[in-house]
Amino acid sequence: MNRVKIVWLPESKGGRKTIPPAGKYYAVSRFKEDKEWPNNAWSVVFEIDECEIKNNEICSLGAVRFLMDTAPESRLESQNKFEIYEGLQKVAYVYLIHN
C-alpha cells in the first residue's frame with residue numbers, strides 16, 4: 001500500500017457531510033490521464049489511520065491501493081496526486097507520499 005494524505009472537500013463545495021472514520025474506505029479514483037472517466041475508472045481502497053484539521057483543511061492520513069489486481073499500479077508510483085469520487089461527486093484530493 002502507498003502512504004497518502006487525503007484532503008477532504010468541505011460540504012459547501014460538494015464534499016461529504018462527514019469524513020470517514022479510521023478503517024477501510026472505498027472510492028473511485030480519477031487520475032489526470034483518465035480521458036474516458038468514469039467509464040474506465042478504477043476503485044481504490046484506503047486504510048485510514050487518523051484525521052487532522054490544519055489550516056482549515058480536514059485531512060486524513062493512511063494508505064491506498066487499487067481494489068483490482070489488474071489496475072495500473074504504476075500510477076500510484078508515478079503520480080503525486082489524484083481525485084476521489086463517490087459516484088460522480090468529487091469528495092477529496094489524494095496526495096501520494098513518496099519516501
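N56 counts as exposed, because its relative accessibility is 79% and the cut-off for exposed is over 50%. The residue sits in the loop that joins β3 (43-54) to β4 (57-66). The model described here is predicted. Its six strands close into a barrel with antiparallel pairing, a nonpolar core of 19 residues is the largest one found, and the whole structure holds six salt bridges.

**Barrel and strand pairing**

- Around the barrel, the strands follow the order β1-β4-β3-β2-β5-β6. Neighbouring strands in this sheet are turned against each other by 45° on average, with direction ignored.
- β1 has antiparallel pairings with two strands: seven bridges join β1 to β4, and five bridges join β1 to β6.
- Two residues of these pairings can be located by their partners. V7 stands opposite C59 in β4, while K5 has Y95 in β6 as its bridge partner.
- β2 (residues 23-30) is paired with β3 through six bridges, again in the antiparallel sense. Within β3, I48 is the bridge partner of G23.

**Nonpolar core**

- In the largest nonpolar core, which has 19 residues, those with the most contacts inside it are I6, W8, Y25, F46, V64, F82 and I84.
- At least two residues of this core come from each of β1 (2-8), β2, β3, β4, β5 (81-86) and β6 (89-96). β6 gives the largest share, with four residues.
- β1 is mostly covered, with five of its seven residues buried.

**Surface positions and distances**

- Y26, a residue of strand β2, is partly exposed, because its relative accessible area of 47% lies between the 20% and 50% cut-offs.
- Together with L67 and M68, Y26 makes up a nonpolar patch on the surface. The accessible area of the three residues together is about 310 Å².
- I97 belongs to the segment that follows β6. With a relative accessible area of 40%, I97 is also partly exposed.
- The C-alpha atoms of I97 and Y25 lie 18 Å apart in space, and the two residues are 72 residues apart in sequence.
- For N56 and Y93, which are 37 residues apart along the chain, the C-alpha separation is 15 Å.

**Salt bridges**

- Side chains of opposite charge can pair when their charged atoms come close. A search of the whole structure gives six salt bridges, and three of them are described below.
- E47 and K24 meet through their side chains in a salt bridge with an N to O distance of 2.4 Å. The two are 23 residues apart, with E47 in strand β3 and K24 in strand β2. E47 is partly exposed, at 26% relative accessibility.
- E33 and R75 form a salt bridge in which the closest N and O atoms are 3.3 Å apart. E33 lies in the loop between β2 and β3, and R75 lies 42 residues away in helix α1 (residues 74-78).
- R75 is buried, because its relative accessible area of 14% is under the 20% cut-off. E33, at 31%, is partly exposed.
- A network of salt bridges links E33, D34 and R75.

Conventions: Residues are numbered from 1 along each chain as its sequence is written. This is a predicted model: local features need pLDDT of at least 70, side-chain atom pairs count only at pLDDT 80 or more; totals for chains, interfaces and linings use all residues. Side-chain values use heavy atoms; hydrogens and water are left out. Buried means under 20% relative accessible area, exposed over 50%, partly exposed in between (1.4 Å probe, protein chains only). Two strands pair if DSSP finds at least two bridges between them. Axes are lines fitted to C-alpha atoms, for helices over the stretch in contact, and angles run from 0 to 180 degrees between N-to-C directions. Patches are made of residues with over 30% relative accessible area and no salt bridge: like charges are joined within 9 Å, nonpolar side chains (Val, Leu, Ile, Met, Phe, Trp, Tyr) within 5 Å. Accessible areas come from the Shrake-Rupley method with a 1.4 Å probe; for residues, only the protein chains shown count as cover. A salt bridge is a side-chain nitrogen of Lys or Arg within 4 Å of a carboxyl oxygen of Asp or Glu. A nonpolar core is a set of buried Ala, Val, Leu, Ile, Met, Phe, Trp, Tyr and Cys residues joined through side-chain atoms within 4.5 Å.
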